[in-house]
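Colleague: I am new to this structure and would like to learn how to read its features one at a time. Could we begin with how a helix sits against its surroundings?

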Amino acid sequence: MSADSSTSQEIRNPAVDGSELIRFDHVTKRFGANTVLDELDFSVASGKHVTLIGPSGSGKTTILRLLMTLLKPDEGTIKVGGEYLTHEEKNGKLVPAGEKHVREVRKNIGMVFQQFNLFPNMKVLRNVMEAPVTVLGLSKDEAEERARELLDMVGLGDRCDAYPTQLSGGQQQRVAIARALAMRPQVLLLDEVTSALDPELVAGVLDVLRDIAHTTDITMLCVTHEMNFARDISDQVLMFDAGRVIESGSPEKIFSDPEHERTREFLSAVL
Ligand SMILES: Nc1ncnc2c1ncn2[C@@H]1O[C@H](COP(=O)(O)OP(=O)(O)O)[C@@H](O)[C@H]1O
Ligand SMILES: [Mg+2]
């Protein structure tokens with residue numbers, strides 16, 4: 001398959017402007033007989049904030065897990081920063097990528113999960129320092145300086161010595177955000193990061209994310225049911241149904257004047 005085989009196909013979500021950072025070309029993902037993503041094409045331009053919405057089971061998490069290389073596509077290709085994520089070119093042919101290649105490309109991508117997934121046996125500071133030291137090879141001093149700065153930014157500069165279980169869910173999630181940012185990723189993936197939180201803790205986490213969206217040039221791919229937040233930060237909203245993008249556009253357009261009946265139904269259920 002050639003790298004630009006998609007040019008003959010309709011691209012539902014062309015990059016708005018700037019350079020293209022993420023590109024899915026005809027990506028199909030199946031679990032047994034269940035086709036979760038069906039020849040999915042989409043792209044995200046560098047620095048943009050894209051929100052994925054759609055019913056439960058429509059494949060949103062699968063997209064993020066593919067980008068994190070926690071899953072591999074059955075067909076199609078994914079590129080990040082112009083590099084194939086799970087393939088590499090050898091002698092002009094596209095072959096499945098080796099572990100080393102995958103690790104290199106994945107360094108550009110950070111993810112925050114619904115369930116925080118902090119290292120329970122490490123204090124907060126070490127949670128944030130660990131990957132920069134072990135994966136990027138930063139010195140302990142550099143990693144600690146970076147970690148303290150980020151923990152300050154998320155309002156937890158005074159909790160460096162706590163263990164995750166000593167923190168509220170909202171605080172744990174802010175540590176998880178700091179931990180993802182410590183890798184200086186180009187892309188930040190956010191998968192329903194406030195869904196597991198008590199309602200009174202949601203705003204603090206969303207404030208941190210708004211701040212990141214408005215003050216950094218990190219490209220964000222966000223799955224959320226917080227529609228006001230999505231409206232604030234998104235350049236583009238993609239509506240998924242059954243593994244395809246059925247509609248995309250500005251948040252104003254999608255939330256106020258959606259074209260598709262499915263989008264209208266979905267929004268009336270969540271808004
Ligand atoms: N590891 C897995 N094994 C089998 N089926 C899976 C797995 N992960 C997801 N699925 C199925 O894929 C579909 C899409 O899931 P997901 O991407 O989590 O949807 P969403 O995040 O939009 O709710 C669902 O039908 C789900 O049951
Ligand atoms: Mg999901």
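Modeller: Before we speak of packing, take contact to mean heavy atoms within 4.5 Å, and keep in mind that this is a predicted model.

Colleague: Which residues of helix 2 are buried?

Modeller: As a general idea, an α-helix has 3.6 residues a turn, so residues three or four places apart point the same way. In helix 2, which spans residues 99–106, the buried residues are His101, Val102 and Val105. Seen down the helix axis, these buried residues fall within an arc of 100°, so they line one face of helix 2.

Colleague: What do the buried residues of helix 2 pack against, and which exposed residues lie on the face turned away from them?

Modeller: The buried residues pack against strand 4 (75–80), strand 5 (83–84), strand 6 (87–90) and strand 8 (109–112), while the face turned away carries the exposed residues Glu99 and Lys100.

Colleague: How much space lies in the largest pocket?

Modeller: In general, rolling a probe the size of a water molecule over the atoms shows where empty space is left. Here the largest pocket holds about 490 Å³ of space. Of the 19 residues lining this pocket, the closest to its centre are Met68, Ile109, Ala131, Arg179 and Met183. Helix 2, strand 8, helix 3 (124–134) and helix 5 each give two or more residues to the lining.

Colleague: Where is Arg179 placed, and is Arg179 buried or exposed?

Modeller: Arg179 belongs to helix 5, residues 169–181, and is buried yet has no salt bridge, the nearest side chain of opposite charge, Glu130, being 9.6 Å away. Beyond its neighbours within four places in sequence, Arg179 is in contact with residues including Phe116, Phe119 and Val128.

Methods:
Residues are numbered from 1 along each chain as its sequence is written. Chains are lettered from A and ligands numbered from 1 in the order in which they are written. This is a predicted model: local features need pLDDT of at least 70, side-chain atom pairs count only at pLDDT 80 or more; totals for chains, interfaces and linings use all residues. Side-chain values use heavy atoms; hydrogens and water are left out. Helices (H or I, at least four residues) and strands (E, at least two) are DSSP runs, numbered from the N terminus. Buried means under 20% relative accessible area, exposed over 50%, partly exposed in between (1.4 Å probe, protein chains only). Lys and Arg count as positive and Asp and Glu as negative; His and the chain ends are not counted. A salt bridge is a side-chain nitrogen of Lys or Arg within 4 Å of a carboxyl oxygen of Asp or Glu. The arc is that of the directions from the helix axis to the C-beta atoms. On a 1 Å grid over the protein atoms alone, a cavity is a set of points where a 1.4 Å probe fits but cannot get out, and a pocket is an open set with protein on both sides within 12 Å along at least five of seven lines; lining residues have an atom within 4 Å of a point. Grid points are joined across faces, edges and corners, and a volume is the space filled by probe spheres set on the points.
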